[in-house]
Structures are given as structure tokens and as C-alpha cells.
Amino acid sequence: MTTLVIATKNAGKAQEYRKMLAPHGITVKTLADFPAIAINENGTSFEENATIKAKTVMQALDLPVMADDSGLVVDALNGAPGIHSARYAGDHDDAANNAKLLHELAGVPDDQRTAHFHTTIVALKPDGAKLVAKGRVDGRILHERQGDNGFGYDPLFFIDSLGKSLAELTADQKNAISHRGAALRDFMTRFPEWWRA
Ligand SMILES: O=P(O)(O)OP(=O)(O)OP(=O)(O)OC[C@H]1O[C@@H](n2cnc3c(O)ncnc32)[C@H](O)[C@@H]1O
Ligand SMILES: [Mg+2]
């Protein structure tokens, strides 16, 4: 059994990675297991922030560490909230973030509410070996919340081909199409070589 440290405080992300990595024989530890580690997420891109998270925790533990920086990119808002998705409305508060997103998009018609979720995964080893993987999922922003599953902006993110929001999908259905699922599948194609090297 392999144990992988993921530099996240987000319980929703952690749960998704646990479910996706279990079939690979990988168990997950997160910052919930190492609460003393503080991360200053002050980068200017998803990759920079993921690298900061992975590097901070890798140096603190002297272990290989994976990190995920992700966000919602809304076309009508010139890419906002983007790398600021977690604290769009000030605090790390999903309900307030969703309310702000709806407010910013008030009056914007359906065909201009296109958006995507992005994930960049960065994994670092103490010897410096780095692995980067990316994924995205396209959709549009609803006018009100729909569904109770998932986390973050999931209740406002509608997938036309499924006729459902991300919050109306099961965990397995979301992982099959999500930005995080796509990034992890990309990551896993190169993970064994990175882990062993
Ligand atoms: O940095 P860590 O500790 O991993 O946790 P975080 O929640 O701060 O994570 P990010 O910095 O990557 O910010 C991403 C934000 O984007 C949103 N987000 C990311 N992935 C999402 C998903 O799958 N569904 C809904 N919202 C998501 C959500 O608001 C997250 O807080
Ligand atoms: Mg964060």
C-alpha cells in the first residue's frame, strides 16, 4: 500500500482524491493529519499556487507531496474568480462565494454564462523531481443553486450534456467528468515512474 500526502485543507477535494486513488492501492494523508503546517498561497497562477503548496509541505515533512490548485473560470467575468475562487467573497465560505457569483452575473443571459473548472496538480519529491498535470470541465453558471452533493461552486455549475449540475451527480459521476478527475487521470499516467525514480 502506498501513502500519498496531499497538501490540502479542503475536505471535498480530499474525499474525491481518496475515492479516485483507492483503486490504485494509494491511501491519502492531508493537512488534516499535519495541521501545524501553514501555507501562504500567494502565487499568480494555478501552477504557481500548487507548487507553493506542494513545496511547503514537502519541505516540512521531507516526503513526496502532491498539491491541487483549482478554480472556476467564468468567461463573462474575464476569468474571475479563477485563482481567487476559494476566497472570492472574502472568507473561505462556499455559500457566500456562490451568492457573490450570482450577483456578479445578474442579468447575464444563458448563452453568455459559459465557464470552466480548472485543476493543476503539482507533485514534488525532496530530490526536486516534479510532476505537473492539468484538467478542465466546461459548463455554464445557473441562475440558482441546484443539487446538494459536492462542494464549492458545484450547485451553480451546469453540464448541458448531462442536464444536471455537478451537485446533482454522484461522487463517481463527478469524478468521471470533472477537472480534478481529468487532472488525476493525466497524473496517474506518469505517477509510477515519478514515485519510483
Ligand atoms: O488550497 P487547498 O487547501 O487545497 O483548498 P482550497 O479550497 O483553498 O482550494 P483552492 O485554493 O484550490 O481553491 C479552489 C476553490 O475553487 C472552488 N473549487 C475547486 N474545485 C471545485 C469543485 O470540484 N467543485 C466546486 N468548487 C470547486 C472551491 O471554491 C475551492 O475552494
Ligand atoms: Mg487554497
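Visitor: Is D62 buried or exposed in this model?

Guide: The model is predicted. D62 is exposed, because 8 other C-beta atoms lie within 10 Å. D62 belongs to the loop between α2 (46–61) and β3, and its phi is near 55°, a positive value in a residue other than glycine.

Visitor: What is the phi of N78, and where does N78 lie?

Guide: The phi of N78 is near 55°, again positive in a residue other than glycine. N78 is found in the loop between β3 and α3. N78 is exposed, since it has 8 other C-beta atoms within 10 Å.

Visitor: Which peptide bond is cis, and where does P81 lie?

Guide: The bond from A80 to P81 is cis, with omega near -5°. P81 lies in the loop between β3 and α3 (94–104).

Visitor: Why is D69 called buried?

Guide: The term buried requires 20 or more other C-beta atoms within 10 Å. D69 is buried because 26 such atoms fall within 10 Å. D69 sits in strand β3 (residues 65–74). Beyond its neighbours within four places in sequence, D69 is in contact with F46, N49, A50, K53 and T120. An unreviewed UniProt entry lists D69 under "binding site".

Visitor: How many residues surround ligand 1, and of which classes?

Guide: Ligand 1 is surrounded by 21 residues, the closest being T8, N10, S85, A86 and G152. The shell has five nonpolar, nine polar and seven charged residues. Strand β3 contributes the largest share of this shell, five residues.

Technical notes: Residues numbered from 1 in each chain as written. Chains lettered and ligands numbered in written order. Predicted model: local features only at pLDDT ≥ 70, side-chain atom pairs only at ≥ 80, totals over all residues. UniProt positions renumbered as here; feature names shortened; annotations may be inferred. Helix = DSSP H or I, 4+ residues; strand = E, 2+ residues; numbered from the N terminus. Buried ≥ 20, exposed ≤ 12 C-beta atoms within 10 Å, placed from the backbone. Contact = placed C-beta atoms within 7 Å. Near = placed C-beta within 6 Å. Nonpolar A, V, L, I, M, F, W, Y, C, P; charged D, E, K, R; others polar.
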